[in-house]
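Hi everyone, thanks for making time this morning.

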Amino acid sequence: MKKALSAVSGIAVGFLAATVFFAEFGGSATPTSTASSDERSKAEQVYVPFGEHDDYYLMNSGGHSGQLFVYGVPSMRHIRTVPVFTPDPATGYGYDAESKEMLGDYTWGDFHHPALSETDGDYDGNFLFATDVANNRVAAIDLEDFHTTDIMEVPNIGGPHCAAFVTENTEYLFLPTRFSLPFEDPHASLDDFSEEYRGVLSAMIFDQEQKTFDIGYQVALPPWSYDKARAGKGVSGEWAVITTYNTEEATTNLEINASQADRDFIVLFNWKGLEEMVANGEYEEFNGEKMVFPENIDEHIYLVPVAKSPHGVDVTPDGTRFIASGKLAPAMTVFSFESAFEAIENEDFSGERNGIPVLNYESVMEREVDPPGALGPLHTQFDDRGNAYTSMFISSEVVKWNVDSGEVLDRHDVYYSPGHLVAAHGDTVEPHGNYLVSLNKIAKNNFLSVGPSHPESMDLFDITGDEMVHLSTTPVNPEPHYGQMVHRDVLDPFHVYPQDESDPLAVYDQNDTRIERNGDHVEVFGITMRSKFIFDATAERPDVIEVNEGDTVTIHLTNTDFDQDITHGFGIMDYDLNFEQMPGQTKTLEFVADKSGVFPVYCTNFCSALHQEMTGYLIVNPKE
Amino acid sequence: MTKRLSNSSVVSLYIAAGLLVVSIFLPWWGMRFYAPQYPEGLDIIVYPYKLAGEIDIVNSLNHYIGMANFSEETFPELQVLPYIIVGLALLTVVVTMLRRKSLLYGLIFIMVVGGIIGIYDMHHWLTEFGTNLDPMAPIDLEPFVPPIIGENIIANFVTNSYFTYGSFLLGIAFLLMLFPLWRDRKQ
């Protein structure tokens, strides 16, 4: 008995010891720790050490914020917000005379679909273009200083949603319109929608030297909704494609009424041919623009049937095919440009709509790719190995598939409802095939709660291998509508504005500062420098501007600190005025001094140790 | 009985004259400033006829401690220094052509005196700028004299002053002038 007891207790102690022993050592071999080492390696992949830079700039559209958000990839750190269609107190955009004029009276814009300028079908790093769906505007951001350099309001259109997509040498940016509008008679009844409305396409030109927009020509397309556009590349370089929905020409409850027809269309057009026509005077003058009417010509514009209500359309890097799908459909459709050209040549049409020939679907379609259970294919980006990556809005995943074979190679969930995707140089002739970012509309519970509305999110993938590897997820400002991922070597921003002696508004020597009065107009030629304002160096108080109530005041200030990152600001208290001034830059503020009193002015952008002392006064003497 | 310089001494002196002229186009002296916000460093580089480097930035920083602005105008030496060097080179050529060792002694004497005056002049300016600080400056600093060569710390800046290419050539030229004394020592 005693023997048995000691045997049992001995075994028990042995087990205990073994348990303790193995539990301690077993810990490092459990699946959990394998996962954590995997997580560690992912963290290492996105970690950019102090002092080093990310490989890529990710330029995300900011939707209804009207701004451009710039991130670094792979760290996904937010680097900069660039105001484009919306005033921005942080930079004074929309407050100084130049940017105020550029913005007009608008206080918001709906920034969609950024597009980088291209040379030979790849990003050249010169400019980024964007459109404002809300107010029919197009903007160019100069990538030398990441500031908006021109905005143009485009007539005759109703929301350039699908824009802007540039041709392979930035000859044109296409701005098709989301909302069709009354054409000849601005008050035409919705009852006459089919006859009186048009969805106008604008072919915009951007002069890179002058940094200004112009309209090349416009096309009075049928009264449908146009959704996404892409320019061709290489063999298809003179062509472009646009998706369109509501070919039903419904005027109410589009959710139902625009989803009735089994097929909608892709508009396939030859921009070069239209350009030549316009150059030969074959257009009609309409509301100041050169307008082409598709029903009056028998070439250059065609329709390709596509599964109903398509959204994205994307052109393969080699320019031979375009990929689109109905956004409620389960399948991606691959169309062949070459087959389309052949069909056009042979007049292989299945009919016509609104006077435009419709190509035979069977003749142009190369294949339909239908991953089981995948729903809502929207946008496609490419890698350098012939693969396509398509976002699935409804099934919340990214599907990787081979363009040539249609074989589905990999699928990966995202958090949740991805709209666009962006890969490194993923819409150019030479995709880099390393990083892919899914721009998700929803991030439900993925981050610390900030109340009922959750942030949108971005999922970063490593796409170098056979399978996509999810690296990180990042909350993002509302709301990402497409992006462009460009290698840092392509861009070369400058650091200090060069001195421009020909600028009559600039003052570089404080001895030239002065305040000039001309009737009731007071013009200040001053400088900002560490750490003071000098409006008139000879005055008893050089940092004071004295005017009379009712005067028009124009203040030109030059930042004379030609030193990288020494940025000053100029805010006038109670006058709702403020701007930021980069090194060497001259900016102008214009206002009417309609309130009398003493108003402090101060440097709003932290500049140096004595920033707090960089102040002065605006004195407005009351009317007698 | 005048002592004539040998051919190799003549060559040496011509080279010395040439180096003097070349040195005009090279920087002679510099100062480099490092601070936490300027890890890449800021330069003041002095040529015989101009200043180079981030002079404007250094000036805008100097206002914090009340140091006077420096520019090419504040150093009248820069207007005449190239002519003095050309003059010395011509003098060297003349001495060489005359091949008289006694004249060479004179030339070396002038070089030594010129060098001493040059160093004194630099010291004078460094003292002038470092000790003549504006009493109204936002940062109140004890007057200081930056060294002509070596490290110094002023407020948050570490400075390194150094001689560079132009003055090295000057030194070589001087050695080349001394060479004939050794080469022709037995005459």
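**The cavity, then a helix pair**

β4(A) gives the largest share of the lining of the largest cavity, three residues. A word on the source: this is a predicted model, where local features need pLDDT of at least 70 and side-chain atom pairs count only at pLDDT 80 or more, while totals for chains, interfaces and linings use all residues. Residues are numbered from 1 along each chain as its sequence is written, chains are lettered from A and ligands numbered from 1 in the order written, and side-chain values use heavy atoms, without hydrogens or water.

Searching the whole structure turns up one cavity of 30 Å³ or more (a set of points on a 1 Å grid where a 1.4 Å probe fits but cannot get out; lining residues have an atom within 4 Å of a point). Its volume is about 120 Å³. The lining has 13 residues, and A:E118, A:V166, A:R230, A:A231 and A:D427 are the closest to the centre. By class, five are nonpolar, three polar and five charged.

Now to chain B. How do α1 and α5 pack? Helix α1 (residues 7-23) and helix α5 (residues 165-183) of chain B meet at an angle of about 165 degrees, with axes 8 Å apart. α1(B) and α5(B) are therefore roughly antiparallel (over 145 degrees). Their crossing is left-handed (the near helix is turned anticlockwise from the far one by less than a right angle). The contact of α1(B) with α5(B) has 14 nonpolar, five polar and one charged residues, with contact meaning heavy atoms within 4.5 Å.

Methods
Axes are lines fitted to C-alpha atoms, for helices over the stretch in contact, and angles run from 0 to 180 degrees between N-to-C directions. Helices (H or I, at least four residues) and strands (E, at least two) are DSSP runs, numbered from the N terminus. Angles under 35 degrees count as roughly parallel, over 145 as roughly antiparallel, 65 to 115 as roughly perpendicular and the rest as oblique. Ala, Val, Leu, Ile, Met, Phe, Trp, Tyr, Cys and Pro count as nonpolar, Asp, Glu, Lys and Arg as charged, and the others, Gly among them, as polar. On a 1 Å grid over the protein atoms alone, a cavity is a set of points where a 1.4 Å probe fits but cannot get out, and a pocket is an open set with protein on both sides within 12 Å along at least five of seven lines; lining residues have an atom within 4 Å of a point. Grid points are joined across faces, edges and corners, and a volume is the space filled by probe spheres set on the points.
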